[in-house]
Amino acid sequence: MALSALRRDRYALYEAAVQGVEHDLQFIERVYRRHNGRPPRLLREDFCATALLACEWVARGRDHHALALDLDPAPLAWVRRHRLPYMRAAADRLQLLKRDARSVTKPRSDVLVALNFSYWVFQTRAELIGYFRKTLASLTPGGMMFANAFGGTEAMEAISETRRIDASQGPDGGRIPGFTYVWEQQHFNPIDHHLISHIHFRFRDGTMMRRAFTYDWRLWTLPEIRDCMLEAGYRAVDIYAEGWDEAHHRPDHIYRRREKFENQLGWLAVIVGRTKR
Ligand SMILES: C[S@@+](CC[C@H](N)C(=O)[O-])C[C@H]1O[C@@H](n2cnc3c(N)ncnc32)[C@H](O)[C@@H]1O
């Protein structure tokens, strides 16, 4: 396979290192179907950046439609240049919108997705509840909002963790050679849970792309997020957390609905807000 022109492109590297949209969509469909007895059709992806999830959704069939929202025109231009040309008719089922996620969109969506903690840019209760009110007003009866969260004892520490990422295929079909992904939590303030983090990429030749992305977030806890969703008017809020694989000493990547789980060094959870039917 020829090398991808995007092998040192920060958006392509982010997708390869961080996103697992097939797994995400499988989970979203399973949960939605369990509550509604049918699959969702219209999906809204907030904080979409390169809209990988929304693009994968519309590629799944002619009755799959998506809206993808981001404030920043740069990643949206990237999607138009590097992904839409390869999507043929499916591209017509996607609407890319340069808009604040705190917008009400019509038609109403069946599912609304805010992944990789992006909604943590909202750092006060009033802002977070305000956002959830807008998402609720953008959902159909029976609609669901999916947002994820991380936590655990290491979430509040200044740490760096590295992960080797295998070679993969870029959006242009070319090869992105393996590289190392570095997640750095630079600073955490226990008083307001303000967390500054960076993503760096290290290449096989020893060179680095430092601070490819920087995040200025509030580290929200699960009970706070749940309370804010309920206060915004969601009828019910469920927490799904990854299980633990005892044999391999690592998360099993299967999200199950839970009322309780043991705190760990690090965990991932998905918060699902449900609207009235
Ligand atoms: C980490 S990226 C998300 C990438 C991808 N959707 C994912 O799940 O991994 C966060 C994106 O949120 C966008 N963003 C930040 N604040 C926003 C807001 N208020 N409304 C819409 N987009 C926003 C940024 O421009 C950035 O592209």
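Reader: Which residue's side chain does Arg 256 join in a polar contact?

Author: A polar contact is a pair of N or O atoms within 3.5 Å; within protein, one must be able to donate a hydrogen and the other to accept it, and residues adjacent in sequence count only if both atoms are side-chain atoms. Here the side chains of Arg 256 and Asp 252 are joined by one of 3.2 Å. Mind that this is a predicted model, where local features need pLDDT of at least 70, side-chain atom pairs count only at pLDDT 80 or more, and totals for chains, interfaces and linings use all residues. Side-chain values use heavy atoms, leaving out hydrogens and water, and residues are numbered from 1 along each chain as its sequence is written.

Reader: What else is Arg 256 in contact with, beyond its neighbours within four places in sequence?

Author: Contact means heavy atoms within 4.5 Å. For Arg 256 the list is Ile 239, Tyr 240, Ala 241 and Gly 243.

Reader: Is Arg 256 buried, exposed or partly exposed?

Author: Buried is under 20% relative accessible area, exposed over 50%, and partly exposed in between (1.4 Å probe, protein chains only). Arg 256 has 36%, so partly exposed. Cys 228 is buried at 0%, and Cys 55 is buried at 5%.

Reader: How many disulfides does the structure hold?

Author: A disulfide is a pair of cysteine sulfur atoms within 2.5 Å. The structure has 0. Take Cys 55: the closest cysteine sulfur, in Cys 48, is 8.5 Å from its own, too far for a bond.
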